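This briefing covers a single protein chain and how its parts are packed. The sequence and structure come first, then the points by topic.

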Amino acid sequence: MENCLETARKREKSTSMVVVSLASTMGSANGVEEGVKVRRDKVGLSWVTGDEDVRFKILYCGICHSDLHNVKNEWGNSTYPLLPGHEVVGVVTEVGSKVQKYKVGDRVGVGCMVGACHTCENCENNLENYCPKMILTYNAVDYDGTKTFGGYSDHMVTNERYIVRIPDNLPLDAAAPLLCAGITTYSPLRYFGLDKPGTKVGVVGLGGLGHVAVKFAKAFGAIVTVISTSPSKKQEAIEVLGADSFIVSTNPDEMQAAMGTLDGIIDTVSAVHALVPLLFLLKSHGKIIMVGRKAIAGSCIGGMKETQEMIDFAGKHNISPLIEVIPMDYVNTAMERLVKADVKYRFVLDVGNTLKAA
Ligand SMILES: [Zn+2]
Ligand SMILES: [Zn+2]
């Protein structure tokens, strides 16, 4: 793991103007090479901001579990150098001539994707996340054949369609995890109708995704039960996150007592685990919704319209994830702690203050 990360860090150092990634409609790519080489470069600067692009200075970047999977090539599709990070927030420093929604100084973010075809049925229905040609924020190949690089870096250039505006009242560091963990849980809560007051919602797993799911479900007015293997999480789930009840999934008495009580369950656990005991907790017509690993791999998340809607909702209800802000040089230690689930509940890299230019 460390080697891969080291590679990523070298890459990020060697590209001080850095990072990339867009489904550019500009064409005229020059191709990208190692280091500070440029694409779409006409004037000798790195990554010129295209007509429809927004360039922003990255201030914070959340560390998602999928960053860890990618760094370690656990999904078998990693190519190196690899620069992770898809919970990216910062401040706009430049906009292209055709950009309409953003201006210099705006607080913005980029989540899991930076491109899609814009013509298929999914794209036309604001479901870019299901577009067969969707381009992930990092470790993906862009339309011009270059690689995309994520937010463990200092700048990002992306088509404005993939930019989200961060509400003024949300702290930028805590807003970062909303861009993956937030939309990945908000979207299924909405889609599966678990967003109605009084709905009885179970949340399995209390990590980066689960704790945001609890906050969103509570803001929708749902009655929320956390289901976890760790009794030690009970107090925080109820007192800090606002859950209404807590079930220890390994306690047969507690599971028995909750049989047939839930309208739906959001399952955020990516490790292999039994689903049948969870089924018994559902009312008839109840449903279990799996997020997490699949979502991170790109089968879920949420479209750009809904991502903006999610973050506006978070602003309105003052929902911000619980985070631990860390300096860039702590990233390898953070990855090791992530393996042990030793974080409450999301690491966020303090890119703006601690990433030193090469
Ligand atoms: Zn993620
Ligand atoms: Zn499409």
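How are helix 5 and helix 11 oriented relative to each other? The axes of helix 5 and helix 11 (residues 304-316) cross at roughly 100° and come within 10 Å. Angles of 65 to 115 degrees count as roughly perpendicular, so helix 5 and helix 11 are roughly perpendicular to each other. The model is a predicted one.

**Overall content**
- The protein has 13 helices and 14 strands.
- Of the 358 residues in the protein, 51% are buried.
- Among contacts with a separation of 6 or more, 68% are between residues 24 or more positions apart.

**Helix 5 and its contact with helix 11**
- Helix 5 spans residues 181-191 and is mostly covered, with 9 of its 11 residues buried.
- The buried residues are Ala181, Gly182, Ile183, Thr184, Thr185, Tyr186, Ser187, Pro188 and Leu189.
- On the helix 5 side, Gly182, Ile183, Tyr186 and Ser187 meet helix 11, where the partners are Glu306, Thr307, Met310, Ile311 and Ala314.
- The residues of this contact between helix 5 and helix 11 divide into 5 nonpolar, 3 polar and 1 charged.
- Just after helix 5, Gly193 has a positive phi of about 70°.

- Pro188 is found in helix 5.
- Pro188 counts as buried because it has 22 C-beta neighbours inside 10 Å, and the cut-off is 20 or more.
- Leaving out residues up to four places away in sequence, Pro188 touches Ile266, Ile289 and Val291.
- Pro188 and Ile266 are 78 residues apart in sequence, while their C-alpha atoms are 8.0 Å apart in space.
- Beyond its neighbours within four places in sequence, Ile266 is in contact with Thr185, Pro188, Leu189, Val201, Val203, Val204, Ala213, Ile289 and Val291.

**Nonpolar core**
- The largest nonpolar core has 92 residues.
- Those with the most contacts inside this core are Cys61, Val203, Ala213, Val214, Ala217, Val226 and Ile266.

- An open sheet of 5 strands, with parallel pairing, has the order 10-9-8-11-12.
- Strand 10 (245-248) and strand 12 (282-290) are the edge strands, each pairing on one side only.
- From one strand to the next, the twist averages 20°.
- Strand 8 (residues 200-204) and strand 9 (residues 223-228) run parallel and are joined by 5 bridges.
- Lys200 stands opposite Ile223 in strand 9.
- Helix 6 (residues 208-220) lies across strand 8, strand 9 and strand 11 (262-267).
- The angle at which helix 6 runs to strand 8 is about 170°.

**Val88**
- Val88 is found in strand 2 (residues 88-95).
- Val88 is buried because 31 other C-beta atoms lie within 10 Å.
- Not counting residues up to four places away in sequence, Val88 touches Ile58, Cys61, Gly109, Val110, Gly151, Met156 and Leu179.
- The C-alpha atoms of Val88 and Ile163 are separated by 9.9 Å, and the two residues are 75 residues apart along the chain.

Key
Residues numbered from 1 in each chain as written. Chains lettered and ligands numbered in written order. Predicted model: local features only at pLDDT ≥ 70, side-chain atom pairs only at ≥ 80, totals over all residues. Core = buried A, V, L, I, M, F, W, Y, C linked by C-beta atoms within 7 Å. Buried ≥ 20, exposed ≤ 12 C-beta atoms within 10 Å, placed from the backbone. Contact = placed C-beta atoms within 7 Å. Helix = DSSP H or I, 4+ residues; strand = E, 2+ residues; numbered from the N terminus. Axes fitted to C-alpha atoms, helices over the stretch in contact; angles between N-to-C directions. Parallel < 35°, antiparallel > 145°, perpendicular 65-115°, else oblique. Nonpolar A, V, L, I, M, F, W, Y, C, P; charged D, E, K, R; others polar. Pairing = 2+ DSSP bridges.
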